[in-house]
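Please start with the display below.

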Amino acid sequence: MKILITGGSGLLGQYLNIELSKKHQILTLYNKNPGNTLSYPNKQIDLSDMHSIKLVMSEFQPDAVIHTAGYANPQICRTLSKEEVYKNNVELTGLIAKLCTHHNSKMIFTSTDLVYKDSPELKTEDSPLEPLSLYTQSKLMAEEKIKENSDNYVILRTSLLYGIALNNSVNHFTEMLNKIKAKEQVKLFSDQFRSPLSLTNAAELINFITESEIKNEIMNFGGPEKLSRYDLGLKTAAAFGFSNKLITPVKFCEVSKDIETPLNVSMNISKLTLYGLSPDRVEVSLSMMAK
């Protein structure tokens with residue numbers, strides 16, 4: 001297959017480059033920091049110039065587009081205007097959906113689990129939604145743009161992705177691991193729950209979805225366990241052979257005044273498993289990382 005990857009130098013994008021290039025012809029896009037894209041067929045592109053993506057799609061004629069580019073978390077979006085966030089996270093996504101339809105390309109989009117309403121139970125794809133931040137509002141609007149403009153899409157409501165950040169990319173997991181290695185104390189939330197999925201496993205599963213006949217679905221995209229960052233920290237220390245005495249549990253409300261972040265968006269991934277996808281448990285992924 002010919003697969004176009006937007007955000008190819010990002011946290012997930014670099015893992016997608018590695019995994020999808022094993023079997024497919026990829027073209028991976030980056031803007032300022034190339035990450036590992038230079039090791040693969042790549043193109044530097046500013047997606048805010050929307051004419052540029054039209055040219056790339058016309059020249060490459062992809063069978064599938066994996067769209068991970070955009071402002072990737074609530075913290076970044078809080079520093080930007082509403083207009084800028086909407087342009088990059090909503091309008092661009094809608095344009096790519098239209099282009100995918102025009103070029104008969106499958107579209108895979110990484111949304112977020114943070115669109116769900118905070119509540120104790122595991123979230124299904126039909127659970128109530130309550131996007132509290134500009135970031136999550138833009139993601140939910142982007143989902144609607146895709147449904148309006150694409151006739152072959154898969155929307156993945158992505159959970160906490162953990163693993164070693166490559167090159168210029170950053171994530172909380174790598175910062176935590178580096179602190180534990182340096183024998184520094186780490187404070188982790190014990191009362192915020194998600195369904196963590198390793199970056200390596202996420203790339204493998206997206207490869208499967210890209211090759212499959214799955215279409216026009218919204219799917220919870222996470223691991224099989226409900227865990228807090230504190231739980232993940234303890235499992236990480238055990239897998240890498242570090243002392244768990246360096247890890248201290250803290251309550252989210254004790255250290256943050258953020259009212260836009262839900263405390264429980266752990267997910268039911270039954271739909272994912274019905275399609276034959278089986279995300280790894282955290283201990284399995286961490287063991288592979290440690291090796």
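## A buried salt bridge

Arg-157 is buried, and Glu-143 is buried too. Buried means under 20% relative accessible area, exposed means over 50%, and partly exposed lies in between (1.4 Å probe, protein chains only). These two residues form a salt bridge, with their closest N and O atoms 2.8 Å apart. A salt bridge here is a side-chain nitrogen of Lys or Arg within 4 Å of a carboxyl oxygen of Asp or Glu. Arg-157 sits in strand S6 (residues 153-158) and Glu-143 in helix H5 (residues 134-149), so the pair ties together parts that are 14 residues apart in sequence. Helices (H or I, at least four residues) and strands (E, at least two) are DSSP runs, numbered from the N terminus.

The model is predicted: local features need pLDDT of at least 70, side-chain atom pairs count only at pLDDT 80 or more, and totals for chains, interfaces and linings use all residues. Residues are numbered from 1 along each chain as its sequence is written, and side-chain values use heavy atoms, with hydrogens and water left out.

## Other salt bridges

The structure holds ten salt bridges. One of them joins the side chains of Glu-260 and Arg-78, at 3.1 Å from N to O. Glu-260 lies in the loop between helix H9 (252-255) and helix H10 (270-274), while Arg-78 belongs to helix H3 (residues 74-78), so this pair ties together parts that are 182 residues apart in sequence. Glu-260 is partly exposed at 28% relative accessibility. Arg-78 is also partly exposed, with a relative accessible area of 41%.

Glu-144 and Lys-147 are three residues apart in helix H5, so about one helical turn separates them. An α-helix has 3.6 residues a turn, so residues three or four places apart point the same way. Glu-144 is partly exposed, with a relative accessible area of 37%. Lys-147 is partly exposed as well, at 35% relative accessibility. Elsewhere, salt bridges with shared partners join Arg-78, Asp-258 and Glu-260 into one network.

## The chain as a whole

The chain has eleven helices and 13 strands. Its C-alpha trace spans about 55 × 40 × 40 Å along the principal axes. The radius of gyration is 18 Å; a compact globule of 291 residues would have one near 19 Å, which agrees. That radius is taken over C-alpha atoms, and the globule rule is 2.2 Å times the number of residues to the power 0.38.

Of the 291 residues, 53% count as buried. Among contacts in the chain with a separation of 6 or more, 76% come from residues 24 or more positions apart. Contact means heavy atoms within 4.5 Å.

## Surface and charge

The chain exposes about 13,000 Å², and carbon and sulfur atoms supply 51% of that area. Accessible areas come from the Shrake-Rupley method with a 1.4 Å probe; for residues, only the protein chains shown count as cover.

There are 32 positive and 32 negative side chains, and the centres of the two sets lie 4 Å apart. Lys and Arg count as positive and Asp and Glu as negative; His and the chain ends are not counted. Each charge is placed at NZ of Lys, CZ of Arg, CG of Asp or CD of Glu.

## Helix H1

How many of the ten residues of helix H1 (residues 11-20) are buried? Eight are, so the helix is largely enclosed by the rest of the structure. Among them are Leu-12, Tyr-15, Leu-16 and Leu-20. Gln-14, Asn-17 and Glu-19 are buried too. The cover over the buried residues of H1 includes strand S1 (2-6), strand S2 (25-30), strand S5 (106-112) and helix H7 (199-211).

## Loop residues

Most residues other than glycine have a negative phi. Asn-167 has a positive phi, near 55°. Asn-167 lies in the loop between S7 and helix H6 (172-181) and is exposed at 57% relative accessibility. Asn-216 also has a positive phi, of about 55°. Asn-216 is in the loop between H7 and strand S11 (217-221) and is partly exposed, with a relative accessible area of 36%.

Ala-72 is in the loop between S4 and H3. Ala-72 is exposed, with a relative accessible area of 52%. Its C-alpha atom is separated by 13 Å from that of Glu-84, twelve residues apart along the chain.
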